[in-house]
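Subject: Structure for your set-up

Hello,

Here is the structure we discussed. Please look it over before reading the notes that follow.

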Amino acid sequence: MGPRLADIARHAGVSEATVSRVLNDKPGVGSDTRKAVLTALDVLGYERPARLRQRSAGLVGMVIPELDNPVFPMFAQAAEGALAQRGYTPVLCTQTPGGITEDEYVELLLERNVSGILFVSGKHADTTASHERYQTLVSRRLPIVLVNGYTESIPAAFISADDREAGRLAVNHLVALGHTRIGFTSGPERYVPVRRKLEGFHQALAEHSLDGDGLVELSLFGVEGGHAAAVRLIERGVTAMVCGSDIMALGAIRAARQRGLRVPQDFSVVGYDDSQLIAFTDPPLTTVRQPVNAMAMAAARALCDEIAGHPVSHAEYVFDPELVVRGSTAAAPTAPAVSVPGPVTPEARVNSPAPPRRDPQEAAQGR
């Protein structure tokens with residue numbers, strides 16, 4: 001049954017003729033009156049005519065490295081909500097090993113006439129990659145925003161967490177607990193966020209007159225990378241470890257337990273991201289929280305402003321991380337713990353489950 005003009009008119013406090021003009025999208029009706037009629041239509045449970053429904057402002061692309069690391073789905077969800085509130089529909093493009101590349105996704109998005117593209121931890125974070133792809137997009141006047149990674153050669157807005165501060169926060173926390181042999185692991189050093197975390201790590205150690213030489217093991221992103229790095233660092237006598245992601249931290253905990261060390265009594269671990277479910281691991285992971293929601297909101301706002309033609313500063317907007325202390329860190333042991341190489345124990349299997357194995361060639365860009 002279609003809407004009854006009399007009911008809508010009575011609810012909105014206007015004449016039936018006015019209701020008819022609104023429903024037929026005719027001129028001559030004030031904005032407040034038009035809004036009252038549409039509100040009455042919604043309240044009474046009638047479906048708005050197609051011509052009166054809110055129209056999408058267009059498609060925007062969102063290119064992210066993967067979905068295995070929980071922080072990327074968190075960012076995608078937050079950005080999707082922020083974009084939808086502004087009338088834009090995001091097209092999510094996820095890279096996988098051997099799958100569609102970032103450049104191929106860009107071509108597909110351009111074919112669909114997207115209004116802009118949001119890049120999360122993309123090639124812009126790789127100091128060895130060519131950034132010509134982004135410069136070409138800018139020259140075509142396509143709005144872009146780049147998250148987690150920075151280079152002066154791209155005239156665009158950048159959104160980043162303060163990775164140097166993240167490294168300092170983790171070290172300062174462990175030093176306050178009495179640790180003096182602190183190791184560090186993250187992904188390859190060619191990525192901007194990795195370099196910055198490493199700089200913060202060394203700066204904090206220097207402030208406490210501690211030596212970090214030989215205590216850095218850069219590895220592959222993922223559980224396996226964190227595990228391999230932890231094995232080597234434990235052999236060098238570290239009692240604590242700073243990891244470039246929560247996923248790598250889980251690998252480090254697994255490695256410590258396999259070598260007979262208790263976490264946190266014998267070995268402390270700090271992650272990065274504060275991704276979903278990390279508070280419920282065993283033990284709950286101490287981590288440095290990346291302000292994902294705030295960064296996603298800022299990225300969406302910058303992209304929409306640029307699409308609308310509003311001036312947007314082509315600078316890097318840096319967001320402060322936050323240390324979240326949980327159960328994976330404790331006071332340094334009074335005597336160095338002795339690690340015992342051996343098979344995986346049943347406890348390690350139960351308490352430190354590993355996510356599905358990943359292709360060795362896979363690297364989550366920019367972490």
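Strand β4 (residues 144-147) pairs with strand β5 in the parallel sense over three bridges; two strands pair if DSSP finds at least two bridges between them. Val145 stands opposite Ala157 in β5. β5 is also joined by four bridges to strand β10 (residues 316-319), again running parallel, and Phe158 stands opposite Glu316 in β10.

This is a predicted model, in which local features need pLDDT of at least 70 and side-chain atom pairs count only at pLDDT 80 or more, while totals for chains, interfaces and linings use all residues. Residues are numbered from 1 along each chain as its sequence is written, and side-chain values use heavy atoms, with hydrogens and water left out. Strands (E, at least two residues) and helices (H or I, at least four) are DSSP runs numbered from the N terminus.

β5 (residues 157-161) is mostly covered, with five of its five residues buried (under 20% relative accessible area, 1.4 Å probe, protein chains only). Ala157, Ile159 and Ala161 lie on one side, Phe158 and Ser160 on the other. In a regular strand the side chains alternate between the two faces of the sheet.

Helices α7 (residues 163-176) and α8 (residues 192-207) pack at about 40°, their axes 7 Å apart. Axes are lines fitted to C-alpha atoms over the stretch in contact, and angles run from 0 to 180 degrees between N-to-C directions.

Regards

Conventions:
Buried < 20%, exposed > 50% of the residue type's maximum accessible area, 1.4 Å probe, protein only.
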